[in-house]
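Visitor: I would like to go through this protein step by step. Please take me from the overall fold to single residues.

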Amino acid sequence: MNKPITVAIVGLGNRGMYAYGSRILERPDEIKVVAAADTDKGRLELMAKDHGIAPENCFNSADELIAQPKLADLLFICTQDKDHYKEAIAALEKGYHLILEKPISPSLKECKEIAETAKKYGKSPYGQYLQKIVDGKLK
């Protein structure tokens, strides 16, 4: 058996917490949430409890999580669309592969810059359509 992919999630609204978080729990041998960030303390505590995330890997903002040494293989960015660009660039520079909720950014220019930064660092920035995860096609 291979080691599970490790994931950090920023943004614990419906998609981060339930669409992705609950689906990840169905595949413990394949994928594991090891860090999370959200401004809502209650959601963060619930995510930590459900996924067994260590308290030192729970953060009050995406910026705070991304500022840490790299915590996971993959970062799910499930924050407001307008925040994706800043978070994606910082995460790619830190060495994360990304899953970004659509749209990757509301700006075509920013989308291109995210793609260019990913290429520069040899990382993958996937724009995710929620339905692929809901249908159980997370591979």
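Guide: Helices, of at least four residues, and strands, of at least two, are DSSP runs numbered from the N terminus. The model shown here is predicted.

Visitor: Which pattern does the protein chain follow, read along the sequence?
Guide: The chain has six helices and six strands. Read along the sequence, these elements give the pattern β-α-β-α-β-α-β-α-β-α-β-α.

Visitor: What share of the contacts between residues at least 6 apart in sequence join residues at least 24 apart?
Guide: A contact here means heavy atoms within 4.5 Å. Among contacts in the chain between residues at least 6 apart in sequence, the share that joins residues at least 24 apart is 67%.

Visitor: What percentage of the residues in the chain is buried?
Guide: A residue counts as buried when its relative accessible area is under 20%. The chain has 139 residues, and the buried ones make up 42%.

Visitor: How far apart in space are Ile24 and His51, C-alpha to C-alpha?
Guide: Ile24 lies in helix H1. At 3% relative accessibility, Ile24 counts as buried. Ile24 and His51 are 27 residues apart in sequence, and their C-alpha atoms are separated in space by 9.0 Å.

Visitor: Which element gives the largest share of the lining of the largest pocket?
Guide: The largest pocket has a volume of about 420 Å³. Helix H1 (14-25), helix H3 (62-67) and helix H4 (84-94) each give two or more residues to its lining. The largest share, three residues, comes from H1.

Visitor: How many of the lining residues are charged?
Guide: The lining consists of 24 residues, and Gly11, Cys78, Thr79, Gln80 and Asp83 lie nearest the centre of the pocket. Five lining residues are nonpolar and eight are polar, while the number of charged ones is 11.

Visitor: Which side chain is joined to that of Thr79 by a polar contact of 2.5 Å?
Guide: Thr79 lies in the loop between S4 and H4. It counts as buried because its relative accessibility is 19%, and the limit is under 20%. Not counting residues up to four places away in sequence, Thr79 touches Val10, Gly11, His84 and Glu87. The polar contact of 2.5 Å joins the side chain of Thr79 to that of Glu87.

Visitor: Which residue has its backbone oxygen 3.1 Å from a polar atom of the Asn57 side chain?
Guide: Asn57 is in the loop between helix H2 (41-51) and strand S3 (58-59), and is buried, with a relative accessible area of 18%. Leaving out residues up to four places away in sequence, Asn57 touches Val34, Ala35, Ala36 and Leu71. The backbone oxygen at 3.1 Å belongs to Val34.

Visitor: Which backbone nitrogen does the side chain of Asp73 reach at 2.8 Å?
Guide: Asp73 lies in the loop between H3 and S4, and counts as partly exposed at 34% relative accessibility. Leaving aside neighbours within four places in sequence, Asp73 is in contact with Pro4, Ile5, Thr6, Tyr96 and His97. The backbone nitrogen reached at 2.8 Å is that of Thr6.

Notes:
Residues numbered from 1 in each chain as written. Predicted model: local features only at pLDDT ≥ 70, side-chain atom pairs only at ≥ 80, totals over all residues. Heavy atoms only, no water. 1 Å grid on protein atoms, 1.4 Å probe; cavity = no way out; pocket = protein on both sides within 12 Å on 5 of 7 lines; lining within 4 Å. Points joined across faces, edges and corners; volume = space filled by probe spheres on them. Nonpolar A, V, L, I, M, F, W, Y, C, P; charged D, E, K, R; others polar. Buried < 20%, exposed > 50% of the residue type's maximum accessible area, 1.4 Å probe, protein only. Polar contact = N/O pair within 3.5 Å; in protein donor to acceptor, adjacent residues only side chain to side chain.
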